[in-house]
Amino acid sequence: MLLASLAIQRRVLGALVLRELQTRYGRDNIGFLWMMVEPLLFATGVLVLWRMLRGAYDHNLPIIALTLFGYLPLLLFRHMVSRALYCIRPNVGLLYHRQVSLFDLFLSRVVVEVAGNILGFVFTFTVLYMMDLVNWPANLPLVLLGYFYMVWFSFAVASVAGALSERSDLVEKFWTPISYLMIPLSGAYIMALWVPARLRDWYLLMPSVHAYEMIRGGYFGDGVGTFWSQPYIAFCSAIITVIGLYLFREARRHLVLE
Amino acid sequence: MIKVEGIIKDYRTERGQHRALDGVSFTLGRGEKIAILGLNGAGKSTLIRILSGLELPTKGTVERGMSMSWPLAMGGGFQSSLTGNDNMRFIARIYNKPFDEIRAYVEAFSELGKFMSEPIKTYSAGMRARLAFGLSLAIDFDCYLIDEIIGVGDPRFQRKSTEELFEKRKDRALMLASHSPYTLREYCTKALILHRGRGKVFEDIDLALEIYRDL
């Protein structure tokens, strides 16, 4: 029984993901490649600009690596949440098929974002590594763990935002300023070490800062001071996930179908 | 056997709650064909949507003892920005049916030809109906939920659907909402009249149609 419903779930999700790729990137294969190239283009622009403006080192750390590991997870967070907004409305027609749930619609969208971000990450890193612009991470498992928490945290926030956006347009209105505030507050570009000690505890309240600190700690190794707590980000992400799942369960009751 | 029990459906409106369905119960056995009669706004579509699982009832239960189509209605069931082919592929996937078989059947039944590679949003109501109907016949359900859609096609489509649904698939159950007494008398064996939220089953379709005429 459980296995059968898992199989249905997997089939539905697979079909939704393929459909998502079709609607977003069209039928041709270049569309799928675009998922990889898009972050590289963004990253290149940011890297070039930053390098011109600020020199090659920031606080004695290589700026290219700092920007890359700040930018791509931030992109992941922002893309996941904005794709989750109104993830149901344009797909209401698909709900006619009983096996398609609201949560499936959400999941198929964010799965595509995560896959695209990972592909983009690997691709961009490989290119920069071959050009000798970045080093191999000192502690790869820690980088991956940090990235994993970034995915989880983004997923949790996206689920809450996605479910609520179908109830009130206010969510989208608030999301625009929040997504910009996340640039300094997420931890993407500012190491906790640089934050004055009396403000650091406040800075570390933002769960994503912990993920970023893990990623940086993993990349630069022990020589660089990082601040993170795995239980803290795990706990925050778990709580937000539970809220998101609950809201999706409730969403069907609030959904107005034409 | 489909067992519907004590369905209540409330909608929120500007002026308080509106009870669209107020305790509707009935059963539908294998091969039974039931007409749903009711004035505009009596809750015919709502009932069909609740049966299919598209909408949740405020109270009451639906026991689905057989496989049931999605509501075959004027809208819904498709992603309108995708082509007919892509929608067909998606539906074949989620119902776990081999795509080639589905395509062969749908192409023959729906006769949409080159329009299958056009987005659904460019389709006329009749074209959508043909595609939805063809797909649901290709997937082959035990029970078909049909909301008006059978009346929109041209005579050729009507003839084909009659042949496929009522002759070749006689043993399937059917729930048919329609305003056409001719269609209902032709295909249904019993009727459910919805009026002011209440539902009553009539085993005699002619009697039901007479009552419906006087509502």
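B:Met88 is found in helix 2 of chain B, which covers residues 84-94, and in this predicted model the residue is buried, with a relative accessible area of 0%.

**Surroundings of B:Met88**

- When its neighbours within four places in sequence are left aside, B:Met88 is in contact with B:Phe99, B:Ile102, B:Arg103, B:Val106, B:Met116 and B:Leu135.
- Between B:Met88 and B:Asp142 there are 54 residues of separation in sequence, and their C-alpha atoms lie 20 Å apart in space.

**The three-stranded sheet of chain B**

- In chain B, 3 strands form an open sheet in the order 2-1-4, and the pairing is antiparallel.
- Its edge strands are strand 2 (16-28) and strand 4 (59-64) of chain B, each of which pairs on one side only, while the twist from one strand to the next averages 25 degrees.
- Strand 1 of chain B, made up of residues 2-13, pairs with strand 2 of chain B in the antiparallel sense over 10 bridges, and within this pairing B:Thr13 has B:Gly16 in strand 2 as its bridge partner.

**The five-stranded sheet of chain B**

- A further open sheet in chain B has 5 strands in the order 5-6-3-7-8, with mixed pairing.
- Strand 5 (143-147) and strand 8 (198-202) of chain B stand at the edges with a single partner strand each, so one side of each is left without a neighbour in the sheet.
- Neighbouring strands of this sheet are turned against each other by 15 degrees on average, direction ignored.
- Strand 3 (residues 33-37) and strand 7 (residues 190-195) of chain B pair in the parallel sense over 4 bridges, and B:Ile36 has B:Leu192 in strand 7 as its bridge partner.
- Strand 7 and strand 8 of chain B, by contrast, run antiparallel and are joined by 5 bridges, with B:Leu192 standing opposite B:Val201 in strand 8.
- Helix 7 of chain B (residues 205-213) lies across strand 3, strand 7 and strand 8 of chain B, and runs at about 20 degrees to strand 7.

**Helix 1 and helix 4 of chain A**

- Helix 1 (residues 2-25) and helix 4 (residues 102-130) of chain A pack at an angle of about 60 degrees, with their axes 9 Å apart; the two helices are therefore oblique to each other, and their crossing is right-handed.
- On the helix 1 side of chain A, the residues that meet helix 4 include A:Val12, A:Leu13, A:Leu16 and A:Arg19, and on the helix 4 side they include A:Asp104, A:Leu105, A:Ser108 and A:Val112.
- Helix 4 of chain A also holds A:Ala115, a residue that is partly exposed, with a relative accessible area of 35%.
- The C-alpha atoms of A:Ala115 and A:Met35 are separated by 8.6 Å, although the two residues are 80 residues apart along the chain.

**Helix 5 and helix 9 of chain A**

- Helix 5 (residues 140-165) and helix 9 (residues 230-254) of chain A pack at an angle of about 30 degrees, with their axes 8 Å apart, which makes helix 5 roughly parallel to helix 9.
- The crossing of helix 5 and helix 9 of chain A is left-handed.
- Among the residues of helix 5 of chain A that meet helix 9 are A:Tyr149, A:Trp152, A:Phe153 and A:Gly162, and among those contributed by helix 9 are A:Ile233, A:Ser237, A:Gly244 and A:Phe248.

**Helix 8 of chain A**

- Helix 8 of chain A (residues 207-220) has 14 residues and reaches 21 Å from its first C-alpha to its last, close to the 20 Å expected at 1.5 Å a residue.
- Of the 14 residues of helix 8 of chain A, 14 are buried, so the helix is largely enclosed by the rest of the structure.
- Just after helix 8 of chain A, A:Gly221 takes a positive phi of about 90 degrees.

Notes: Residues numbered from 1 in each chain as written. Chains lettered and ligands numbered in written order. Predicted model: local features only at pLDDT ≥ 70, side-chain atom pairs only at ≥ 80, totals over all residues. Heavy atoms only, no water. Pairing = 2+ DSSP bridges. Axes fitted to C-alpha atoms, helices over the stretch in contact; angles between N-to-C directions. Expected span 1.5 Å × (residues − 1). Buried < 20%, exposed > 50% of the residue type's maximum accessible area, 1.4 Å probe, protein only. Parallel < 35°, antiparallel > 145°, perpendicular 65-115°, else oblique. Left-handed = near helix turned anticlockwise from the far one by under 90°. Contact = heavy atoms within 4.5 Å.
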